[in-house]
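Colleague: Please show me the model. I would like to ask how some of its labels were reached.

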Amino acid sequence: MSIAKIEVLKTITASGLVAVIRAESPDQAARIAEACALGGVAALEITFTVPGASGVIEHLAKKSSQILIGAGTVLDPETARIAILAGAQFVVSPALNPETARLCNRYQVPYMPGAATMREVVEAMECGADIVKVFPGEILGPAFVKAVKAPLPQAQLMPTGGVGIENVADWIKAGSVAVGVGGNLTAGAKTGDFASITRLAEQFVAKIKLARGH
């Protein structure tokens, strides 16, 4: 495993929070990213549903040395390669794609595919996924993480979807190494209230620390 890859994974697990950015324009995505960074978020996932996503990743990767920039909603190896060339430091998918896993492993970029069953978690790990995204989190719930960790204590799980300020501690206590948070963190962007994103980010970071007993 490359030093860069180890450092990326260490940063994500140490912070415990990945901000998932879905935006209507590259400018809005950049402003959300800035607000998240001010709130202490260590990693941003720019989804490929954002218009001009690769350009946004490239802009943020050049501008932000203090924060990790990753790509989300990556469905295939072609998109993963575009993201990595743009500067993405990790790749997230809604479901496992073995070819994407192979490409990310080739370039030593962490790959985090979605899984919703025990079998899918195991398959993702067998394909070399560094962290498995528990998705959709709002349907599976923290109990799913706890259930998976019993027979698979080595599984590195990160729920995305349904993670809010009121239940983030439950997810962490169940055994999640990190959480992915989208709309529950970034909703203020729709009304131009970027300060609320910064405040919420600070609250998420504090609650994760508390849940870990720090």
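Colleague: Why is I6 called partly exposed?

Modeller: Buried means under 20% relative accessible area, exposed over 50%, and partly exposed in between (1.4 Å probe, protein chains only). I6 has 33% relative accessibility, so I6 counts as partly exposed. This is a predicted model, in which local features need pLDDT of at least 70, side-chain atom pairs count only at pLDDT 80 or more, and totals for chains, interfaces and linings use all residues. Residues are numbered from 1 along each chain as its sequence is written, and side-chain values use heavy atoms, with hydrogens and water left out.

Colleague: Where is I6 found?

Modeller: I6 lies in helix 1 (residues 3–15). Helices (H or I, at least four residues) and strands (E, at least two) are DSSP runs, numbered from the N terminus.

Colleague: What makes strand 5 largely enclosed?

Modeller: Five of the five residues of strand 5 (residues 111–115) are buried, so the rest of the structure largely encloses this strand. Y111, P113 and A115 point one way, M112 and G114 the other. In a regular strand, side chains alternate between the two faces of the sheet.

Colleague: How do you know that strand 4 and strand 5 pair?

Modeller: Two strands pair if DSSP finds at least two bridges between them. Strand 4 (residues 91–93) is joined to strand 5 by three bridges, so by that definition they pair. The two run parallel, and S93 stands opposite P113.

Colleague: Why do the buried residues of helix 8 line one face?

Modeller: In helix 8 (residues 142–149), F144, V145, V148 and K149 are buried. Seen down the axis, they fall within an arc of 130° (taken from the directions from the helix axis to the C-beta atoms), so they line one face. On the other side, A143 and K146 are exposed.
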